[in-house]
Each structure stands twice: as C-alpha cells, then as structure tokens.
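Q: Got a model open here and a few spots I'd like to talk through. Can you take them one by one?

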Amino acid sequence: MIGLLALLAGCGGEKQDAGAPWQQETAYFYPTAQIDASNVEKLGLTWEFTDIVVRGRTNRGMEATPIVVDGIMYVTGPWSVVYALDARTGKLRWQYDPEVDGQFARRTCCDAVNRGVAVDDGMVYVATLDGYLVGLDAKTGKQVWKTDTITDRTRSYAITGAPRVAGKNVVIGNGGAEMGVRGYATALDKKTGKLAWRFFIVPGDPAAGPDEHPEVAEARKTWDPKSRWDLGGGGTAWDSIVYDPDTNTVLVGTGNGSPHPAWLRSPAGGDNLYLSSILALDADTGRRRWHYQTTPRDSWDYTATQNMVLADIEIGGKRRKVVMQAPKNGFFYVLDRVSGELLSAEKYTTVTWADRVDLKTGRPVFTAQSDFSKESKLVWPSEAGGHNWPPMAYNPATGLVYIPVIEAPMTFTTTPQPARPYSSVQGVTTSLPGLLPMFGAPIPEFKGQPKPRFENVLKAWDPVKGKVVWSSKVMPFWSGGVMTTATGLVVQGSADGFLTIYDGRDGKVLRRIEIGTGIMAAPMSYELDGEQYLAVPAGFGGAMNAVHLPGWAANKRENASRLLVFKLGATGQPALPPLLARTPLAPAPAKYRGSAAQVERGATLFRANCARCHGSGADLPSGYPNLYKMTPETHDAFQQIVRGGAFTHAGMAAFADVLSEGDARDIHAYLAKPPAGASPPPKPSH
C-alpha cells in the first residue's frame with residue numbers, strides 16, 4: 001500500500017480528494033487504468049501547446065511536470081511563466097508572466113528553467129527565477145500576493161524548483177551553491193504570503209551575528225571555525241521538498257557545499273551539516289525533528305536534492321512509513337520517515353568514492369579513490385550524480401522504483417578559484433573521460449577502475465531487497481524523468497526525442513513515440529470524462545544547454561519547447577521540428593582580430609566568464625548562440641551586448657561590472673579565431 005499523498009501527487013482529476021494539495025512531490029504514480037499493455041499502440045496525439053517562448057526569448061528547457069485540477073492543466077515554462085490550459089483541448093485559459101529580468105540568468109548555474117507549481121484551495125503557487133514566491137488565483141491567474149524569499153541580493157541566489165504546500169504554509173528553497181551562497185528553506189503563510197519560518201541549512205559567517213536558530217548552532221560544531229564563510233557554505237534546497245501529512249512534517253533535500261572540496265571549504269575537517277542531507281522539519285514551526293546526512297563532508301557535488309518518495313512498505317516483516325531517495329552519490333536510501341532511522345542503503349550504480357554504508361552508524365565507508373586533495377582522481381559517479389533531478393517513480397503494484405540512472409565517472413582536480421560576482425566558486429576542475437569518443441578521442445585507461453562510460457539507463461529497483469530487477473537499453477546521456485501507472489506501465493522521455501513506454505514488470509518496450517524534441521521532465525497522466533490522457537512537456541536545456549551532443553534530438557532538430565497530450569483513439573502524430581541549418585565556423589572581420597597576447601588573455605577571460613553558457617569551441621549546436629558564428633552585425637555590436645546588456649531581455653546579462661572595454665576587446669579577439677579542433681564542453685551539474 002502507498003500513502004494517500006503519494007497516490008495523489010501530480011494526478012489529474014475533476015475534483016481534489018479530501019482537500020489535498022496537488023503538487024508533484026513524491027511517487028509519480030497515477031492510479032488511472034485505461035491505458036495498458038494491450039492498447040498503448042492506440043495512443044495518438046490529441047492536442048499540442050507550442051506558445052511557450054516569452055517576449056522573443058529563445059527556446060530553453062522544459063522541466064515541469066503538469067498538474068491537472070478541475071479540468072485545468074497548470075504547467076510552467078522557462079522564465080517561471082505559468083500557463084493554465086483547458087486539459088481537454090489545450091486552449092489557453094490564462095498566462096502569468098512574472099517578467100523576470102533577463103539579467104538574472106547570470107546568477108543561475110543551469111538555465112532559466114522551472115520545475116512546476118503547487119495547487120491548493122483555489123490558489124496556484126509558483127516560485128520565480130529571481131527569488132519570489134507568488135500566490136495566484138487559480139481561476140484567473142491574477143496575482144494575490146508576491147513575497148521576496150532572498151535574504152541577500154548581492155549573492156547569486158535563484159529558484160528553479162517547485163514550491164510545496166505543507167499544511168497551512170507553502171515551502172520553497174533556492175539554488176546557487178555553485179555560485180557561493182548560503183542555503184535555506186523558507187515557509188510562507190499560503191493565504192497571505194507572510195513569513196512563517198526560515199531554516200538555515202549551514203552556519204553563517206560568525207562575524208555577522210548570532211546563529212538564527214538552535215539547529216544552526218549545532219551544525220556549526222561540524223565546521224572549521226576558519227571555514228570559507230565568505231563563499232556562503234552552499235547546502236541549497238534547490239529541488240526536492242516533500243510534505244508528509246501523516247506527521248505534519250516537511251522533508252527537505254539539501255545540496256552540495258560551496259566550494260565543493262571540503263578541504264577548501266572547511267580545512268580542519270568536520271561533517272559540515274547540513275550539506276547533502278535529508279531534513280525533517282515541523283511544518284508549522286520549521287524546527288528540526290530529525291536529519292540524515294547522505295554524504296558527510298561532501299566534496300563531489302553529491303546533493304540529496306533528488307526527488308523523495310513517501311510510501312508504506314514492509315521491511316523485515318514490519319510495515320514501515322518510509323521515505324526513499326536515490327541521491328547523486330549512487331546509494332539508494334530507505335529511511336523511516338517518522339524517526340529518521342536508516343533501514344537500507346545499497347548501490348544502484350557504479351560507486352567508487354565509498355565501499356558501503358554502515359547501517360549501524362549510517363555513515364559511508366570512504367575509499368582512497370575519493371580523496372583528490374593531493375592529486376587528480378577518477379571517481380564514480382560524476383558530479384552529475386548517479387541520479388539527478390529528473391524524477392524517479394514508485395509503483396505500489398509492482399513494488400518497484402524506476403530510476404533514470406546516469407552511468408558516468410569524472411576526474412576531479414582541486415582548483416582554488418577566486419570569488420567573483422555571480423561566478424562559479426566550485427573549487428574543482430573536472431572532465432568526463434567517457435565523453436571523449438564523441439570528439440574523436442580514445443578513452444584513457446584508469447588502472448583498477450571500470451572503463452568510463454557516458455550514458456543513461458532506466459533501472460527498476462526493488463527497495464526491499466535492495467537490488468536491480470531490470471535495466472533498459474542504453475540511452476543518450478541526460479534523459480528524462482519517469483512516471484508509472486496502476487496498470488504497470490512505465491513512461492520516460494529521452495534526449496534523443498523519443499517517449500518510451502515499458503512494461504514495468506520486466507522492462508519490455510511496448511511503444512516508442514518519436515517527438516523530435518529532447519525530453520527532460522517526467523510525463524503525467526490524468527482522467528477526464530472517463531478518458532485517460534498522457535501528457536509530456538518537451539524541450540531540452542537546463543545544465544546541458546551549453547552544447548547539444550551527437551545522438552540528441554537538439555543536435556539535429558530545432559529545440560522547440562512544447563507540451564504534447566495523447567489519448568486512446570486519437571489519430572494525431574507529433575510533428576517533428578525542422579532540421580537545424582548548419583553554418584560554418586567563421587573568423588571575425590579583420591578589424592576585431594588582436595595580437596597573440598590579446599588572444600591568449602581573451603581565452604582566459606572567456607573561460608572565466610563565458611564558457612559556462614557558450615561552450616568551449618566545439619562546433620556543435622547549443623541552446624545559446626555560438627560566438628564563433630557571429631554575424632557581422634553582432635560583431636559590430638559586441639561591446640554593447642557584452643558590457644551594455646543589449647540582449648538582457650533574452651538572458652544575455654551585462655558584464656560591465658567585471659569586464660572592462662579592454663577585457664571585452666580581448667575576448668572578441670579570441671573569438672575572432674576559433675580554436676583548432678573541437679574540445680569537450682563544460683561538465684554538467686544540475
């Protein structure tokens with residue numbers, strides 16, 4: 001049996017059940033049962049919504065799973081825009097654009113995406129990229145209240161996650177641990193938007209004043225007194241927040257440290273609470289009930305922000321209320337969600353940073369391979385994790401959890417970085433050796449290590465036995481989230497632009513539907529007028545927007561953000577987006593070329609300021625303009641774009657605060673002559 005909230009999470013219907021809030025937060029399980037293995041071939045496209053590009057901004061990632069309540073579908077797109085659609089026809093009822101300043105894209109690690117809304121008691125709640133939590137009237141889309149959740153706007157805070165209704169409050173976290181911030185979770189009164197409580201996840205600079213609450217004082221004991229307080233500490237709650245109505249508890253998944261290596265962040269040692277942890281907080285007061293740290297002294301960006309599943313399952317002959325999570329670090333955790341007791345922790349993918357998790361202490365047993373403080377090391381999983389934000393799903397009928405698993409290691413090298421406004425302070429240089437064949441280079445040998453890979457696979461995991469039951473065929477890296485149904489179907493989209501339907505019991509592929517656009521979000525299902533629908537947002541981007549690799553739909557076709565809805569008996573088929581027009585790399589006009597010294601300096605400045613979005617010279621498609629293919633008009637406007645903010649509306653922020661006119665000139669000189677060959681892109685994170 002699965003808990004009521006898990007059954008309801010994200011499911012669509014004509015009426016809400018017992019006043020429960022509608023939000024994507026736990027199982028991604030849908031109890032509707034019309035579509036099954038015998039009739040999936042009869043699924044056809046019934047409607048499609050394509051009007052997602054806002055104010056001329058380019059197509060970006062679609063990461064939100066829709067929610068349907070009373071026949072209305074609510075979904076978010078890039079730039080935190082909310083769309084209310086007729087769930088039968090796709091007709092737009094209303095649209096809410098928070099008009100996020102495009103300059104804010106500079107403060108994000110991973111695109112101007114949004115992971116959805118919560119709906120409760122006639123209100124729709126959305127968190128905006130620029131840090132506001134907004135309450136909207138569900139019928140009209142009119143703003144009822146708007147509250148700033150950012151405590152320090154000189155820092156690179158941003159929000160891409162979905163809010164969660166928790167009793168009388170609505171809760172949200174924030175992102176920015178890659179950029180040097182201090183994480184916290186904020187609860188607002190869901191009717192008025194007034195602050196109810198705030199839980200700081202890591203200690204602040206002691207020079208700034210006393211600790212805000214007792215839990216911070218307790219965490220401070222696990223940090224070096226001389227820690228890099230100026231870099232914020234990290235620990236941001238950038239995705240998974242879950243409400244357990246049985247115990248009135250909010251479960252918050254927390255993120256990595258800032259900077260990543262613990263020896264740079266907290267040199268004298270310590271576990272560094274509450275980084276990479278699951279926090280159980282009282283929903284009314286925000287006080288801690290229990291915590292579990294999945295990765296003490298995290299140095300590998302092994303966040304515990306991945307989606308959590310609440311369920312009632314039998315373990316050791318006893319029925320337990322549990323929370324399950326497959327965080328980045330490669331272990332699948334089952335915890336008693338009332339007490340926080342660790343019940344199980346087994347590897348769901350290749351793991352070399354730890355041998356195992358000691359069930360008595362709850363702590364991982366670290367390996368020598370995990371320590372890259374003195375020399376570079378190849379470590380599994382990569383910073384992308386064994387599982388990232390694309391949601392896993394749990395089916396109480398099969399008893400299995402379906403995990404979109406990433407199979408990739410990464411080389412880690414400690415690289416102290418100066419703190420700069422709105423820039424990365426990760427403290428590491430990384431590479432993905434499994435990616436090299438895509439660029440014509442062989443994979444190097446790593447003694448005593450499995451051969452590096454760079455791929456995704458869907459795994460069916462038995463949470464009671466702690467083992468894999470079946471695995472799908474290999475998919476392109478960074479494929480999408482998962483849903484499952486009462487009839488045992490498992491549905492997942494992938495980076496190659498296909499929606500695949502599996503038999504959840506044995507992994508047999510029942511149907512593949514070509515969408516032609518990469519899919520990251522988890523699909524969903526709903527029932528209206530006795531008919532079951534299947535909906536999936538499509539649109540690639542997020543952390544992978546800097547370069548679109550071979551095998552991805554976005555490498556071949558225009559990356560069109562859209563929402564597609566299928567049902568039995570419909571006859572429509574998805575229209576494939578147009579093929580990309582290929583243009584050659586082109587040097588700039590002679591007047592913009594510089595000396596060898598200028599080009600070298602420009603390359604350094606480009607890597608520090610531009611490569612996070614614009615890649616590193618690979619002649620591959622991207623979600624951002626390829627600066628080696630600028631038009632003459634763009635070359636002429638280069639200073640106005642880079643320093644003056646001419647394209648701020650589209651997300652190209654002004655850099656005049658950190659780049660002088662001479663700096664921009666040297667970057668331009670570097671771009672005037674593209675680097676020879678193609679080099680791998682920056683590593684993915686979240």
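Q: L400 to start. Buried or exposed?
A: Buried, at 6% relative accessibility, because the cut-off is under 20%. Keep in mind that this is a predicted model.

Q: Which strand is L400 in?
A: L400 lies in strand β30, residues 400-407.

Q: And what does L400 touch, leaving out residues up to four places away in sequence?
A: A393, Y394 and N395 are among its contacts. L400 also touches A460, W461, D462 and P463, then V469, W470 and G504.

Q: How far is L400 from W461, C-alpha to C-alpha?
A: The separation is 5.4 Å. Along the chain they are 61 residues apart.

Q: Switching to T352. Where is that?
A: T352 sits in the loop between β25 (342-347) and β26 (354-357).

Q: Is T352 buried or exposed?
A: T352 is buried. Its relative accessible area is 14%, so it falls under the 20% cut-off.

Q: What polar atom of the backbone lies 2.9 Å from its side chain?
A: The backbone nitrogen of W380. It lies 2.9 Å from a polar atom of the T352 side chain.

Q: Which residues does T352 touch, again skipping those up to four places away in sequence?
A: W380 is on that list too, with L378 and V379. T367, Q369 and Q449 complete it.

Q: New topic: β35. Which way do its residues point?
A: Strand β35 covers residues 482-485. V482 and T484 point one way, M483 and T485 the other.

Q: What sense does β35 pair in with β2?
A: Parallel, over two bridges. Strand β2 is residues 29-30, and Y30 has T485 as its bridge partner in β35.

Q: How many bridges join β35 to β36?
A: Three, and those two strands run antiparallel. T484 partners V490, and M483 partners V491.

Q: What about the hairpin of β35 and β36: how many residues between the strands?
A: Three residues. G488 takes a positive phi there, near 85°.

Q: Which order do the strands of that open sheet come in?
A: β2-β35-β36-β37-β38, five strands with mixed pairing. The edge strands are β2 and β38 (509-514), each pairing on one side only.

Technical notes:
Residues are numbered from 1 along each chain as its sequence is written. This is a predicted model: local features need pLDDT of at least 70, side-chain atom pairs count only at pLDDT 80 or more; totals for chains, interfaces and linings use all residues. Side-chain values use heavy atoms; hydrogens and water are left out. Buried means under 20% relative accessible area, exposed over 50%, partly exposed in between (1.4 Å probe, protein chains only). Helices (H or I, at least four residues) and strands (E, at least two) are DSSP runs, numbered from the N terminus. Two strands pair if DSSP finds at least two bridges between them. A polar contact is a pair of N or O atoms within 3.5 Å; within protein, one must be able to donate a hydrogen and the other to accept it, and residues adjacent in sequence count only if both atoms are side-chain atoms. Contact means heavy atoms within 4.5 Å.
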